[in-house]
Amino acid sequence: MSEQTQQPGSSAPWRVVVAGAGMAGVQTAVALREQGFAGDVVLIGAEPHQPYDRPPLSKAVLLGKSEGSAFDVDFEALGIELRLGCEVLGLRPAAHELDTEDGPVPYDVLVVATGAEPVRLPGAEGVPGVHLLRTLDDAERLRPVLARRHDIVVVGAGWIGAEFATAAREAGCAVTVVEAAERPLAGALPAEVAAPMAGWYADAGAVLRTHARVVHVEPGAVLLDDGSRLPADAVVVGIGARPATAWLAGSGVRLGAHHEIVADEHLRTTAADVYAVGDCASFPSGRYGERLLVHHWDNALQGPRTVARNIVGRAAGEVPAVYDPVPYFWSEQFGRFVQYAGHHADADTTLWRGDPSGPAWTVCWLRGERLVALLAVGRPRDLAQGRRLIESGVPMNPVLLRDPARPLKAATA
């Protein structure tokens, strides 16, 4: 394709470059075509692999049930130019150029979708047997480790740590999960909600060590701050992720406290003609009255539709679309399907539906009379109905809401 560019708003087609070939980047490129964009679309990815979905990496791919998770997208038929194995290095907004390993790439509009990168365990880099689980290559390196049924130590009892521990137990490995906080999911859920989940580890035959900090990792062992020495043929680190935005240093694109791109309600950045979407960007939520940074798959699916609509709509002079979703994610761990919708930070009431010691239960968070978030364990109908109730903002009846036999949609005021 030609490297020539044309100005947005002109009658001729123009050029959109998407930096990042994960879910957010791929969906942006696809959405542009679905919404009638006729100009050039260039999708740049740092990995050499055909663009792929990440959730199966900690499940089917890791366990050898699937060889990969490539997106079912015919990029050639859609007229999307793929540039894979090409890392982005910098951005020069004044010149409308993206710097890459293969040289500068001009754009009329740039969409940054570089996602997040895993936080590394200090002092563990370069130690044999220490793994992360973020990429297809990571999963492929870990697959034979699980197949050999090794002793595995997982550092971090968050979502990814629980999912990996689940897969490792399914593979027959001995698993110890080490968590510095007093409970699993300490940064994601209140203590009373996360507490029942701690028992899931023992039920699955895994050992959960809380209030435990790693002080040293050596080949074959992990040393904790209480003097314990855990045997470890492999160590898997799952202590969080941070937006992959270091390459934007000096670009003038504003970054937030977590190094995320600070986007506006239309997912525009502070640089002209540059949008940001997915794990690398926060956005202001009118629904929740605060800025949200959402590191989950659904955000990377929904945001691109707004970005594409706003890019396509610019030439037609349309009013920009506002991005204000109800956040949603799911996790499969220890035989349970866990789903969450909303944002519970400013809730003033917590209600339970069902017994948390049982196989299926739901937690609902209210602000005033309105449902703002819910966590559903083995109750997908609660999640589906609750998500719609959050979106509509209808008042709820707390007494009816507590009854697990009553559909959520029938618990309105």
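## Salt bridges in this model

A salt bridge here is a side-chain nitrogen of Lys or Arg within 4 Å of a carboxyl oxygen of Asp or Glu. By that rule, arginine 54 pairs with glutamate 47, with 3.6 Å between the closest N and O atoms. Both partners are partly exposed: arginine 54 has a relative accessibility of 32%, and glutamate 47 has 21%. For reference, buried means under 20% relative accessible area, exposed means over 50%, and partly exposed lies in between (1.4 Å probe, protein chains only).

Before going further, please note that this is a predicted model, where local features need pLDDT of at least 70, side-chain atom pairs count only at pLDDT 80 or more, and totals for chains, interfaces and linings use all residues. Residues are numbered from 1 along each chain as its sequence is written, and side-chain values use heavy atoms, with hydrogens and water left out.

## The wider set

Searching the whole structure gives 18 salt bridges. Some of them join into a network, which links Arg92, Glu97 and Asp99.

## Two pairs involving helix α7

Let's turn to helix α7. Aspartate 298 and arginine 387 form a salt bridge through their side chains, at 2.9 Å from N to O. This pair connects distant parts of the chain, with aspartate 298 in helix α6 and arginine 387 in helix α7 (residues 380-392), 89 residues apart. Helices (H or I, at least four residues) and strands (E, at least two) are DSSP runs, numbered from the N terminus. Aspartate 298 is buried, at 7% relative accessible area.

Which residue forms a salt bridge with aspartate 382? The partner is arginine 353, and the closest N and O atoms are 3.1 Å apart. Aspartate 382 sits in helix α7 and arginine 353 in strand β24 (residues 349-353), so this bridge ties together parts that are 29 residues apart in sequence. Aspartate 382 is buried at 5% relative accessibility, and arginine 353 is buried at 1%.

## Arginine 309 in helix α6

Helix α6 spans residues 297-316 and includes arginine 309. Is this arginine buried or partly exposed? Arginine 309 is partly exposed, with a relative accessible area of 47%.

Leaving aside residues up to four places away in sequence, arginine 309 touches Gln35 and Ala321; contact here means heavy atoms within 4.5 Å. Leucine 292 is 17 residues from arginine 309 along the chain, and their C-alpha atoms are separated by 21 Å.
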